[in-house]
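Subject: A structure for you to look at

Hello,

I am handing over the structure we talked about, and below it you will find my notes.

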Amino acid sequence: MNKSLLELLVCPVCRGPVHPEDEDSRLVCPACRVAYPVREDIPVMLPEEAKPWEPKEHQAQ
Ligand SMILES: [Zn+2]
């Protein structure tokens, strides 16, 4: 994914930064604990498209 594009992306709910997970197939907002889908390299930053996301326990966040 384009890095400069990624830097422009914020969570539409909390306006916090998001980060890619699972090889850019989705963008995670750790603050809201949701993941936004990426479809054909286009992030879908819509609250209604967000899926629940939980931090993996073995990862230090
Ligand atoms: Zn958020």
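Let me start with Arg 33, which sits in the loop between strand 2 (26-29) and strand 3 (34-39). Helices and strands here are DSSP runs, numbered from the N terminus, with at least four residues (H or I) for a helix and at least two (E) for a strand. Arg 33 counts as exposed because it has 12 C-beta neighbours inside 10 Å. The cut-offs are these: a residue is buried if 20 or more other C-beta atoms lie within 10 Å of its own, exposed if 12 or fewer, and partly exposed in between, with C-beta atoms placed from the backbone. The phi of Arg 33 is near 55°, a positive value in a residue other than glycine. Most residues other than glycine have a negative phi.

Before going further, a word on what you are looking at. This is a predicted model, in which local features need pLDDT of at least 70 and side-chain atom pairs count only at pLDDT 80 or more, while totals for chains, interfaces and linings use all residues. Residues are numbered from 1 along each chain as its sequence is written. The mean pLDDT (the predictor's confidence in each residue, from 0 to 100) is 85 for the protein, and 79% of its residues reach 70 or more. Where is confidence lowest, and where is it highest? The lowest mean, 66, belongs to helix 1 (residues 3-8), and the highest, 96, to strand 5.

Now the overall layout. The protein has 1 helix and 5 strands, in the order α-β-β-β-β-β from the N terminus on. Of its 61 residues, 18% are buried. Two residues are in contact if their C-beta atoms, placed from the backbone, lie within 7 Å. Taking contacts between residues at least 6 apart in sequence, 15% join residues at least 24 apart.

Strands are said to pair if DSSP finds at least two bridges between them. Leu 27 in strand 2 stands opposite Pro 20 and also opposite Tyr 36 in strand 3. Arg 26 and Val 28 point one way from strand 2, Leu 27 and Cys 29 point the other way, and all are buried. Strand 2 and strand 3 form a hairpin with 4 residues between them, and Arg 33 is in that turn.

What makes up the largest nonpolar core? It has 9 residues in all: Cys 11, Val 18, Leu 27, Val 28, Cys 29, Val 34, Ala 35, Tyr 36 and Ala 50. Strand 2 and strand 3 each supply at least two residues of this core. A nonpolar core means a set of buried Ala, Val, Leu, Ile, Met, Phe, Trp, Tyr and Cys residues joined through C-beta atoms within 7 Å. In soluble globular proteins, nonpolar side chains tend to be buried together.

A few other residues are worth a visit:

- Glu 21 lies in strand 1 (residues 19-21) and is partly exposed because 15 other C-beta atoms are within 10 Å. Not counting residues up to four places away in sequence, Glu 21 touches Arg 26, Val 28 and Ala 35. Glu 21 and Ala 35 are 14 residues apart in sequence and 8.7 Å apart in space, C-alpha to C-alpha.
- Met 45 is in the loop between strand 4 (42-43) and strand 5 (51-52), and counts as partly exposed, with 18 C-beta neighbours inside 10 Å. Leaving aside neighbours within four places in sequence, Met 45 is in contact with Leu 9, Pro 12 and Tyr 36. Met 45 and Leu 9 are 36 residues apart along the chain, yet their C-alpha atoms are separated by 8.2 Å.
- Glu 40 is in the loop between strand 3 and strand 4 and has a positive phi near 55°. Glu 40 counts as exposed, with 4 C-beta neighbours inside 10 Å.
- Ile 42 lies in strand 4 and is exposed, because 10 other C-beta atoms lie within 10 Å.
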